[in-house]
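Please keep the sequence and the structure open while reading.

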Amino acid sequence: MNYYTDHPEIGFYLNHPLMARIVELKEKGFADAKEYDYAPVDLGDAIENYKQILDITGDVAANIIAPNSEDVDLEGPHLENGRMVYASKTFENLDATRKAGLWGVSMPRRYGGLNLPNAVFSMLSEIISAADAGFQNIWSLQSCIDTLYEFGSEEQRQKYIPRVCAGEGMSMDLTEPDAGSDLQRVMLKATYDAQEDCWRLNGVKRFITNGDSDIHLVLARSEEGTKDGRGLSMFIYDKRNGGVDVRHIEHKLGIHGSPTCELTYKNAKAELCGSTRLGLIKYVMALMNGARLGIAAQSVGLSQEAYNEAVAYARERQQFGQKIQEFPGVYDMLSRMKAKLDAGRSLLYQTACYVDVYKCLEDIERDRKLTPEEKQELKKYQRLADAFTPLAKGMNSEYANQNAYDAISVHGGSGFIMEYKSQRLYRDARIFSIYEGTTQLQVVAAIRYISNGTMLQNIKDLAAAVPSAAVSSAAVPDASPSGLKARVEALIPVYEEALNAAKDLDSQEAFDFLARRLYDMTAELVMSLLIIRDAAACPELFAKSANVYVRMAEENILGKAAYIKNFKADDLACFRAATAE
């Protein structure tokens with residue numbers, strides 16, 4: 001088994017239309033080839049390098065991490081004398097990924113990294129999540145180093161990045177008992193110690209994933225007397241210096257292998273990362289966007305595994321003299337699971353590629369001035385990344401939950417039994433639409449791009465880029481060559497009318513109430529066009545999913561549009577009444 005080569009859909013995105021530009025920017029003219037014998041010399045060499053790393057990861061995931069997942073789920077981490085101790089099999093996973101060189105993968109080679117683009121890192125995340133979503137949490141937090149690389153000093157980079165590349169873990173310590181989604185309320189106190197020329201941290205952090213990690217990025221209040229985000233700064237805490245204890249490890253519904261800790265900071269020594277007052281306004285936003293893309297990848301990986309489990313069971317299980325995969329009610333579920341998986345994956349890698357282009361250009365800008373054309377390119381892809389990231393995180397996390405639910409349904413009573421993997425996938429998936437911003441907060445992040453028409457224009461641009469003869473009738477017998485694209489194009493004015501109807505209500509409360517429906521419609525149109533594009537390029541992998549997903553999008557978009565068009569601001573009263581005492 002190999003979790004990469006067994007799923008050619010992943011490798012397909014190494015041929016993404018933006019990949020050549022990403023490699024060109026990431027490798028900066030392939031200058032590293034002069035100094036590092038493992039650095040690529042051209043585009044083809046870079047893609048082959050990515051394939052080798054993905055193949056190694058697929059092997060480790062299938063043959064070490066996945067077989068360990070059940071034991072990790074049952075044992076989980078535990079607390080010993082104020083320290084978190086991983087489940088025994090988690091140590092095996094850590095050892096295997098370190099030996100495979102799968103740490104610090106996004107970092108430049110001069111620090112010991114592999115210089116991989118975000119899109120490839122997302123592929124690695126997807127693969128590891130399919131094997132064990134809890135371990136993916138621990139492993140993927142290495143991406144916190146991107147924020148340190150981006151905003152820390154060169155001295156801090158040289159001090160910390162090689163340690164992460166060697167396999168030390170990270171955490172982002174943001175939330176507190178009274179500051180969850182509302183991080184402006186963070187009160188962990190940061191005080192400058194002039195005698196020691198360092199900062200001291202005091203207070204409590206809660207719900208910290210991998211909370212006893214080696215290197216922490218900590219959001220703390222550095223400006224005395226402030227009560228909002230303008231008084232918050234980002235700090236680096238090194239576990240080697242002491243001062244932080246684990247008070248409690250949460251007992252969770254799922255992702256048992258991923259320790260979620262409550263931490264007490266007692267005069268802990270720390271370094272300022274970047275400038276004061278920008279902790280929440282700038283640095284956490286960058287940190288969270290990276291984490292949200294990581295959860296989108298985590299969600300796609302689990303969706304793939306849920307689909308695999310459901311299909312395998314449906315092909316073997318017989319009832320009434322038939323394999324259950326032959327029953328319409330079952331193959332309806334399975335086809336929708338696969339369509340959501342494929343469309344969600346396409347959205348993930350579209351978003352990751354947008355992020356890559358602008359992040360690479362920002363990195364280049366540290367060394368030289370960008371040309372006017374490059375500045376425009378940076379702005380374009382930064383806007384696209386900001387608009388698409390909440391769609392990728394929100395929709396894929398919801399799809400993971402739906403696919404895990406349907407996997408249990410396909411299994412019937414057996415799916416409710418602990419000996420079957422489906423129950424663990426279901427428990428693990430539930431957190432995806434909660435942490436790093438609930439789906440409701442993803443709607444908040446996305447809605448300004450929806451309300452101002454940016455996403456409508458993005459949708460029209462995607463439609464223009466999809467070939468008219470998108471899917472051959474041989475690949476999809478009941479769809480004409482241009483049929484799927486035409487059906488989606490017919491939905492665009494329906495979406496536009498619904499958007500205008502929501503705005504015409506002239507009520508912010510009513511618009512906020514309808515925002516989730518507009519968000520879903522936006523994402524479904526985007527994913528429909530992306531999966532049609534992919535089916536045009538590779539019908540043997542994606543044509544069936546394109547056909548199913550477009551039908552599903554029609555069903556959902558037309559229904560939501562009707563709901564919005566018939567909605568009146570006064571209708572809010574009956575919904576408010578449901579919460580009245």
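Buried means under 20% relative accessible area, exposed over 50%, and partly exposed in between, with a 1.4 Å probe and protein chains only. A131, at 3% relative accessibility, therefore counts as buried. The model is predicted, so to speak of local features a pLDDT of at least 70 is needed, side-chain atom pairs count only at pLDDT 80 or more, and totals for chains, interfaces and linings use all residues. Residues are numbered from 1 along each chain as its sequence is written, and side-chain values use heavy atoms, with hydrogens and water left out.

- A131 lies in helix α5; helices (H or I, at least four residues) and strands (E, at least two) are DSSP runs, numbered from the N terminus.
- Leaving aside residues up to four places away in sequence, A131 touches Y3, A61, I65, A66, S69 and R424, where contact means heavy atoms within 4.5 Å.
- From A131 to P67 the C-alpha distance is 8.1 Å, across 64 residues of sequence.
- Helix α5 (residues 118-131) and helix α6 (residues 133-140) have axes that come within 6 Å and cross at roughly 145 degrees; axes are lines fitted to C-alpha atoms, for helices over the stretch in contact, and angles run from 0 to 180 degrees between N-to-C directions.
- On the α5 side the contact is made by F121, L124, S125, I128, S129 and A131, and on the α6 side by A133, F135, Q136, W139 and S140.
- Seven of the residues in this α5 and α6 contact are nonpolar, four are polar and none is charged. In this count Ala, Val, Leu, Ile, Met, Phe, Trp, Tyr, Cys and Pro are nonpolar, Asp, Glu, Lys and Arg are charged, and the others, Gly among them, are polar.

**Nonpolar cores**

- The largest nonpolar core has 161 residues, and L201, Y265, F388, V410, I450, M455 and Y549 touch the most other members. Such a core is a set of buried Ala, Val, Leu, Ile, Met, Phe, Trp, Tyr and Cys residues joined through side-chain atoms within 4.5 Å.
- Helix α10 (residues 328-365) gives the most to this core, namely 19 residues.
- M455 touches A387, F388, L391, Y449, I450, Y495, T522 and V526, residues up to four places away in sequence not being counted.
- In soluble globular proteins, nonpolar side chains tend to be buried together.

**Helix α7**

- Seven of the eight residues of helix α7 (residues 144-151) are buried, so the helix is mostly covered.
- The buried residues of α7 are C144, I145, T147, L148, Y149, E150 and F151.

**Aromatic pairs and charges over rings**

- There are 21 aromatic pairs in the structure. Rings of Phe, Tyr and Trp (its six-membered ring) pair if their centres lie within 6.5 Å; planes under 30 degrees apart count as stacked, over 60 as edge-to-face and the rest as tilted.
- Y313 and Y420 form an edge-to-face pair, because their ring centres are 6.2 Å apart and their planes stand at 85 degrees.
- This pair ties together parts 107 residues apart in sequence, because Y313 lies in helix α9 (residues 279-316) and Y420 in the loop between α11 (372-411) and α12 (421-429).
- Y313 is buried at 13% relative accessible area, while Y420 is partly exposed at 33%.
- Y354 and F388 are also edge-to-face, with ring centres 5.1 Å apart and planes at 80 degrees.
- Y354 is in helix α10 and F388 in helix α11, 34 residues apart, and their pair links distant parts of the chain.
- Y354 is buried at 7% relative accessible area, and F388 is buried at 0%.
- F12, Y13, Y349 and F542 are linked into a cluster by ring pairs.
- The charged end of R517 sits over the ring of Y563, 4.0 Å from its centre, and R157 lies over the face of Y149, 5.0 Å from the ring centre. A charge sits over a ring if NZ of Lys or CZ of Arg is within 6 Å of the ring centre and within 35 degrees of the ring normal.

- Most residues other than glycine have a negative phi.
- D197 has a positive phi, near 55 degrees, without being a glycine; D197 is in the loop between β4 and β5 and is exposed, at 57% relative accessible area.
- F207, not a glycine either, has a positive phi of about 60 degrees; F207 is in strand β5 and is partly exposed, at 46%.
- Q195 is in the loop between β4 (189-193) and β5 (198-209) and is exposed, at 76% relative accessibility.
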